[in-house]
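Here is a friendly walk through one model, taking in a surface patch, a helix and some aromatic rings. Have the viewer open as you read.

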Amino acid sequence: KVQNEPTAVWQAIYDHYKPVSMEDSIPSTVEGRIVALADKLDALRGCFGIGLIPSGSRDPFALRRAAQGVVKILVEGKLPLPLPSLLGGDVSLADFFLDRIRYYFRDIRGFRYDEVSAVLASGWDDLVDVESRLEAVQAVRPTENFEPLAASFKRIRNILKQAEFTSGLGYDPRLLDPGPEQGLADVFKATLAVIRSGGLGYREKLEAIAMLRPDVDLFFDKVLVNAPDEKVRQNRLALLYSLLTEFSTIADFSEIVTQ
């Protein structure tokens with residue numbers, strides 16, 4: 001500033017060490033945030049690249065603080081940058097960041113641990129988007145259908161795991177039985193059209209998905225998934241697989257802990 005550098009330059013230089021703690025503010029300008037991110041990510045990638053990885057209480061280069069600063073800047077600075085692609089393909093560094101992201105949203109922001117697990121399981125490429133999805137899950141969780149549906153999704157995941165079913169080819173509508181099975185397929189298709197139509201926020205999408213709860217319950221009450229007929233059994237598994245994968249893009253409901 002004394003040297004008459006432009007405000008954007010001296011302010012970015014002044015701020016680029018921020019935040020020095022979770023209580024500290026992030027850089028006050030976009031330029032400062034970008035410089036701070038570049039500095040911290042450069043240090044993290046360099047140290048991890050030569051094996052200087054924190055272990056236990058040892059962290060001589062304050063890499064946890066640097067990673068926590070990156071998370072805080074991205075979220076609170078509303079920077080929708082693709083964090084995983086900025087980590088140079090280092091799996092250890094990605095795992096390190098996931099721990100810092102969980103800590104930030106759980107311990108600093110106060111989201112429940114299973115909400116954080118559910119949202120991160122559906123992707124963490126954009127931490128601003130992660131925050132939006134977490135806020136939606138938190139808002140919809142108290143509604144009557146949400147946790148029962150989460151329990152059903154956990155049941156679906158277990159069924160698919162036991163059957164070792166991983167096919168993404170979709171189900172054949174011609175093999176559906178009239179009644180609860182056809183009813184679930186119909187409401188699934190209608191709900192999918194609603195959430196794909198655009199214009200809805202994450203909360204509205206989650207509320208629409210939660211309305212599936214009666215149809216999912218009726219399906220499990222009246223339909224034998226493990227049918228004797230191989231084609232019918234595989235088709236029912238495919239229907240459940242489609243339901244699970246299509247509606248887990250906001251959060252993995254099976255990660256929600258229910259009563």
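A residue is called exposed when its relative accessible area is over 50%, buried when that area is under 20%, and partly exposed in between. Please keep in mind that this is a predicted model.

**A patch on the surface**

Let's begin with Ile-50, which sits in the loop between helix 2 (30-49) and helix 3 (63-76). Its relative accessibility is 65%, so Ile-50 counts as exposed. Together with Leu-52 and Phe-61, Ile-50 makes a nonpolar surface patch of about 320 Å².

**Helix 3**

Is helix 3 largely enclosed or largely open? Of its 14 residues, 11 are buried, so helix 3 is largely enclosed by the rest of the structure. The buried residues include Leu-63, the pair Ala-66 and Ala-67, and Val-70 and Val-71. As for what covers them, the list includes helix 2, helix 4 (91-108) and helix 6 (127-140). After helix 3 comes Lys-78, which has a positive phi, near 55°.

**Aromatic pairs**

How many aromatic pairs does a search of the whole structure find? The search finds nine. Two of them are set out here.

| Pair | Centre to centre | Angle between planes | Kind |
|---|---|---|---|
| Tyr-104 and Phe-105 | 5.1 Å | 80° | edge-to-face |
| Phe-165 and Tyr-241 | 5.9 Å | 70° | edge-to-face |

The kind follows from the angle, because planes over 60 degrees apart count as edge-to-face.

Phe-165 lies in the loop between helix 7 (146-162) and helix 8 (180-196), while Tyr-241 belongs to helix 11 (residues 230-246), so their pair ties together parts that are 76 residues apart in sequence. With 10% relative accessibility, Phe-165 counts as buried. Tyr-241, at 21%, counts as partly exposed.

Turning back to the other pair, Tyr-104 is buried, with a relative accessible area of 0%. Phe-105 is likewise buried, and its relative accessible area is 0%. Ring pairs also bring in Phe-111, linking it with Tyr-104 and Phe-105 into a cluster.

Terms used:
Residues numbered from 1 in each chain as written. Predicted model: local features only at pLDDT ≥ 70, side-chain atom pairs only at ≥ 80, totals over all residues. Heavy atoms only, no water. Patch = residues over 30% accessible without salt bridge, like charges linked within 9 Å, V, L, I, M, F, W, Y side chains within 5 Å. Areas by Shrake-Rupley, 256 points an atom, 1.4 Å probe, with all protein chains shown as cover. Salt bridge = Lys/Arg side-chain N within 4 Å of Asp/Glu carboxyl O. Helix = DSSP H or I, 4+ residues; strand = E, 2+ residues; numbered from the N terminus. Buried < 20%, exposed > 50% of the residue type's maximum accessible area, 1.4 Å probe, protein only. Contact = heavy atoms within 4.5 Å. Phe/Tyr/Trp six-rings, centres within 6.5 Å; stacked < 30°, edge-to-face > 60°.
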